[in-house]
Amino acid sequence: MVENKKKPNPIDIHVGSRIRLRRTMLGMSQEKLGESLGITFQQIQKYEKGTNRVGASRLQNISSILNVPVSFFFEDAPGEGGAGSGIAEAPSSNYVVDFLSSSEGLQLNRAFVKISDPKVRRKLVDLVKALAAEAESE
């Protein structure tokens, strides 16, 4: 029973990973997020690992700083059941999270958002689609 107390709750781990995902998508350091909240970067690390549970008011502050709704942190959470959370949606959204959590996905996302010209962004998307289609036909 003592071992279970030491293990972080799966929901806390999930919420923490979503905080980390959004923070890294924005290119924000743990230190910067901590400063914005008035806490240390070590506390942010504990939140992101799920070691420490994020309280409701703190999660509201984090959502404001990271510019996402609070519900973002619970998307695809473990144990999510019910008719509304469709099984068909989970693989695609997990794929996006996995991609954005990878080094390549993060680098690509950061570089892409720096492109200010919408026409260049559109052409880049078209190029990637063409390369993907070419890879499928091989």
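A search of the whole structure turns up 1 aromatic pair. Phe-72 and Phe-73 form that pair, and the geometry is edge-to-face, 5.5 Å centre to centre with 85 degrees between the planes. The cut-offs: rings of Phe, Tyr and Trp (its six-membered ring) pair if their centres lie within 6.5 Å, with planes under 30 degrees apart stacked, over 60 edge-to-face and the rest tilted.

A word on the source. This is a predicted model, where local features need pLDDT of at least 70, side-chain atom pairs count only at pLDDT 80 or more, and totals for chains, interfaces and linings use all residues. Numbering runs from 1 along each chain as its sequence is written, and side-chain values use heavy atoms, leaving out hydrogens and water.

Phe-72 is buried at 13% relative accessible area. Phe-73 is buried too, at 0%. Buried means under 20%, exposed over 50%, partly exposed in between (1.4 Å probe, protein chains only).

Next, Asn-109. Asn-109 sits in helix α7, residues 103-113. Helices here are DSSP runs (H or I, at least four residues), numbered from the N terminus. Asn-109 is buried, with a relative accessible area of 18%. What does Asn-109 touch, not counting residues up to four places away in sequence? Met-25 and Leu-100. Contact means heavy atoms within 4.5 Å.

Last, a helix pair. Helix α3 (residues 30-37) and helix α5 (residues 56-65) pack at about 120 degrees, axes 10 Å apart. Axes are lines fitted to C-alpha atoms over the stretch in contact, and angles run from 0 to 180 degrees between N-to-C directions. From α3, Leu-33, Ser-36 and Leu-37 meet Arg-58, Asn-61, Ile-62 and Ile-65 of α5.

Methods: Helix = DSSP H or I, 4+ residues; strand = E, 2+ residues; numbered from the N terminus.
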